[in-house]
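This report is for a reader who is meeting the structure for the first time. The sequence and the model come first, and the notes follow.

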Number of protein chains: 2
Amino acid sequence: MGSFTFLDLRDRFGITQCVFNRTNVDNLKEKMNVYHKLKKLGREFVIQITGIVKERLKKNKKRFTGEIEIVSQTLNILAKADVPPFKIEDDTDGNEEIRLKYRYLDIRRSPVKKQLLLRSQVARVLRETLWEKEFCEIETPYLIKSTPEGARDFVVPSRMNPGQFYALPQSPQLFKQILMVSGMDRYFQIVKCFRDEELRAHRQLEFTQLDCEMSYVTQDDVLETFEDLINVVFKKTTSYELPRIKHMTYEQALRDYGVDKPDLRFDMKLIDINHILKGKGLQLIDKAESILAIKLGKVCLRGGLFSTNKKLKNLEKLVKSQLIKASGLIWLKLIDGKFYSSFKKFIDKEILRNWAQEMKARNGDLICAFAGTSKNIREQMGTFRSEIGKQLGLSHPSCGLSAIWIVDFPLLKFDEEKGRYVSMHHPFTSPKEEDRFLMKTTPDKVRAKAYDMVINGFEIGGGSIRIHEQHLQKELFQLLGFTEKEIYEKFGFLLNAFKYGAPPHGGLAFGFDRLCTILGSMLGLDYNSIRDYIAFPKNNQGRDSMIDSPNFITIQQLKEFSFTSFK
Amino acid sequence: MGSFTFLDLRDRFGITQCVFNRTNVDNLKEKMNVYHKLKKLGREFVIQITGIVKERLKKNKKRFTGEIEIVSQTLNILAKADVPPFKIEDDTDGNEEIRLKYRYLDIRRSPVKKQLLLRSQVARVLRETLWEKEFCEIETPYLIKSTPEGARDFVVPSRMNPGQFYALPQSPQLFKQILMVSGMDRYFQIVKCFRDEELRAHRQLEFTQLDCEMSYVTQDDVLETFEDLINVVFKKTTSYELPRIKHMTYEQALRDYGVDKPDLRFDMKLIDINHILKGKGLQLIDKAESILAIKLGKVCLRGGLFSTNKKLKNLEKLVKSQLIKASGLIWLKLIDGKFYSSFKKFIDKEILRNWAQEMKARNGDLICAFAGTSKNIREQMGTFRSEIGKQLGLSHPSCGLSAIWIVDFPLLKFDEEKGRYVSMHHPFTSPKEEDRFLMKTTPDKVRAKAYDMVINGFEIGGGSIRIHEQHLQKELFQLLGFTEKEIYEKFGFLLNAFKYGAPPHGGLAFGFDRLCTILGSMLGLDYNSIRDYIAFPKNNQGRDSMIDSPNFITIQQLKEFSFTSFK
């Protein structure tokens, strides 16, 4: 009683220090009362304090509320608490399973709380910015129709229409196009979408999308509008200024980086070295359709990531792993003027020198090459590049930001399994005017007015200028193998709408959960999956383990939906 | 060619006049070109014009864009249009069925467009105001668990967990309470909710709710916070200032108005006249449990709504109709000092005079009374009062606004059919401290910390202070007839959460669709149902006739969900 008692009070804004001492309690009885309550307190108790907010002499700069303390007079215990099943601290001892089950306790932890508050702030900034640009938010329905294309739909049995089902939307695509036909020329919505697909770290059965559409626009109008939006969001939530977002064609992205979502924070372009190595009597190379190489700078110097043979062996393992699936690693390193190579025994030194020259290699550089079919090794090397980027620490959030628009996607690709063309994005994407003449002859050569925004190697958004002409839309549906009947059953209302005057329109959608993870990473918020940014996520089995869902329903319910038998 | 051509251009902001004349087209070729295109134009064509915005000499004040015109130079037809199936004008010739099927055309009509834009604006103002108050928006999941209580759930079969189902939320009630336990002390969300119920004009299978919750609050804190919110919304969207919102107990509302959502723009209180008419030898009256009357002012004067016997007959019909279901109408009118009454033959004039005095009747007034059981006639008279209010034009939007908080609802009511108590609001509502001692003895006498906001006779929102103590919540569940097993199966996670320290909390939810209809009516926007404020509503059969949903799904889909047989 003669001394001070300190107490950490946690609320939404952080942890604040409260001090009780004998001089600020007016009378003895009240003092004893407070003292007894203080002795009873435990972790996670919910309390009410009255006191005076004062500036601290010894400030704790690490805490958001570390510059003040509360000199406390009264104390009231509002709710007691059992000992939580895991530590409610920044570093917890609970595994993800138990933290999901007790999600209400996990959210009390500062990192999770910050992630959810950031998400809330991002949504706010997106809305404020779009309102400024005269977009209006319009809600589209959740109980819609199943149009099995692409991903699998969730369906909802209709009690009033036995045997019939609604479907939950995979995106509001058709409704937003219908809104353009309605004259609502700038639409947006932050909206839940649903896909019944196998789950991975970056997939949830229900996820959130920022969905936008504009009328009377060209592709450049759309890109400019949303580049600006993303700029504002980065600035307001992370204080980070995005550099001007460049455009790169899909073709160029694949050629130089092997993927359509390159991380441009590091260079490491894919270099074609066919002309260097082919026809030099190397059987492995001559047999292959193509050979590609990338250069890893200075990694072979003493202490470098691949400075020893053992480390190189590990690299070979990686190359052959399930992740990359290349047939093998061909390498060349340059150390103190000498060349070392997986080829060395079989190849003329002059060729190695040419190769190194072509790659502009310098002391300590390691050059990695794959041989194989043109298509495969490009993709394999793209994955390899991004993996190496990670290992070299080149794609860490502290390396800053690289944002790019990937444009000129192909309209279609041929699906071997289905034996027909399928849409690269979706069947409402407009072909580029100058390529339309190819639609009848070589459809896979047609480029689309489609675009993706890629930040740090993640596709965070994508969209297109849409088709707004009935005949073109029908032509495309036919190209995709739909019969007349299927076209009208599934998309009749859209074709019908186009009859009554549809403005040219286009838009895009951002993956809101993923956008939050990238913004969070710029603020130093670690994350393992998009789950971290979702208040009540499902686990990898699609279950919400807190509420124990999905679950069985009553026989009465089954009957009402006319389920007569259910395996 | 020597004269002007005028053209009405419609966009999201209204209809703008465009003028083509020969002096502002630079060369003859272009002039002929424009002229030919003008001749080809039809209604609903989508066009692009370049020109100069000028102030009009003759302004059209009725149009939002009526003060300007566009002196046009070029014209480009972007899309042609067929003749629409109904007139796209403020007054249309299309019935609701066809307008729902062609919703994209209906939305082009100015009244519908204004309704959707108002909705968008209301959502914006709600969000801005709640952000100001440090609420943060947090998304709760859509795929949750079925807990059949109250309304019927929509269910979603889980492919990954055969035989099990998710349910779509009827409200995020439990999740927002869990968020309070998580320390997110001010939450809101504008969110879709789902109820599989029979449809009426003011019901949709999916509807939108403004859902809010706060920690560490009393009932008065909540009422003050949301009175302020509603004030701001009315002011910013309709320029209308709400008067200070008074509180009225549930008991008083039922006593004086026969309903728990009285329209207070007109008085017409229910007056107990048992002491006047009972024991006077009137068999009908003496047999009845109770007799109640209301006074309709001056309706019997010449030209008044009930001035003739024929009109009184209609009133009698209304009273006995399905809407009201009263046994009959007892009336008294006072005209030029004389009394007329349905009783006149049987009753002493002095009694009529007493009755008239009790009701403070004046010349031309009509007094209507019902006799019957206490409970029934109060409800019947409440409906009668609101119906008469409509007929007398007392509840027209032009009569202004009346807003009130109804408080002190009963916690429970006895459900004869189920043979047990059911919650008046929901089982998470806290009883009033001073009534807790009644829970074990006379549960139906316990009042709850529950409140509804009523505007112009419509309940637009409601909520409560919640239970935050495990033992009290359990006690209430038991009172509602749940077994221990059911309690833990359905609400175990909530009871569990309360173990780890739950703050006192409470909140409410506003019916967003209905709020929009009331705001719209203050702006002179007519409406027939909440459908008018929903971009893509379902019809009374729960169907979206534009996309033709619900519908059958493929056998492949049925199989994937393990539906082995489906009636």
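**Aromatic pairs**

The structure is a predicted model. A search of the whole of it gives 38 aromatic pairs over all chains. One of them joins Y102(A) and Y500(B) in an edge-to-face arrangement, with 6.0 Å from centre to centre and 85 degrees between the planes. This pair crosses between chains. Y102(A) sits in the loop between α2 (96–101) and α3 (103–106) of chain A, while Y500(B) sits in the loop between α14 (484–499) and β21 (505–511) of chain B. Y102(A) has a relative accessible area of 14% and is buried. Y500(B) is buried as well, with a relative accessible area of 7%.

A further pair is made by Y250(B) and F409(B), whose ring centres are 5.1 Å apart. Their planes meet at 40 degrees, so the pair is tilted; planes under 30 degrees apart would count as stacked and those over 60 as edge-to-face. Y250(B) belongs to helix α7 (residues 250–257) of chain B, and F409(B) to the loop between β16 (403–407) and β17 (412–415) of chain B. The pair therefore ties together parts that are 159 residues apart in sequence. Because its relative accessibility is 16%, and buried means under 20%, Y250(B) counts as buried. F409(B) is buried too, at a relative accessible area of 2%.

The two pairs can be set side by side.

| Pair | Centre to centre | Angle between planes | Arrangement |
|---|---|---|---|
| Y102(A) and Y500(B) | 6.0 Å | 85 degrees | edge-to-face |
| Y250(B) and F409(B) | 5.1 Å | 40 degrees | tilted |

Aromatic rings also gather in a cluster: Y142(A), F194(A), Y142(B) and F194(B) form one.

**The contact between chain A and chain B**

How many residues does the contact take from chain B and from chain A? It takes 112 residues from chain B and 112 residues from chain A. About 10,200 Å² of area is buried between chain B and chain A, and carbon and sulfur atoms give 61% of this.

Across the interface of chain B and chain A there are 10 salt bridges. R127(B) and E137(A) meet through their side chains in a salt bridge, at 3.4 Å from N to O. Between chain B and chain A, 48 residue pairs are in polar contact.

On the side of chain B that touches chain A, helix α4 (residues 110–132) of chain B gives the most, with 9 residues. The residues of that side of chain B comprise 59 nonpolar, 22 polar and 31 charged.

Conventions
Residues are numbered from 1 along each chain as its sequence is written. Chains are lettered from A and ligands numbered from 1 in the order in which they are written. This is a predicted model: local features need pLDDT of at least 70, side-chain atom pairs count only at pLDDT 80 or more; totals for chains, interfaces and linings use all residues. Side-chain values use heavy atoms; hydrogens and water are left out. Rings of Phe, Tyr and Trp (its six-membered ring) pair if their centres lie within 6.5 Å; planes under 30 degrees apart count as stacked, over 60 as edge-to-face and the rest as tilted. Helices (H or I, at least four residues) and strands (E, at least two) are DSSP runs, numbered from the N terminus. Buried means under 20% relative accessible area, exposed over 50%, partly exposed in between (1.4 Å probe, protein chains only). Contact means heavy atoms within 4.5 Å. Buried area is the accessible area (1.4 Å probe) that two parts lose on being put together, summed over both. A salt bridge is a side-chain nitrogen of Lys or Arg within 4 Å of a carboxyl oxygen of Asp or Glu. A polar contact is a pair of N or O atoms within 3.5 Å; within protein, one must be able to donate a hydrogen and the other to accept it, and residues adjacent in sequence count only if both atoms are side-chain atoms. Ala, Val, Leu, Ile, Met, Phe, Trp, Tyr, Cys and Pro count as nonpolar, Asp, Glu, Lys and Arg as charged, and the others, Gly among them, as polar.
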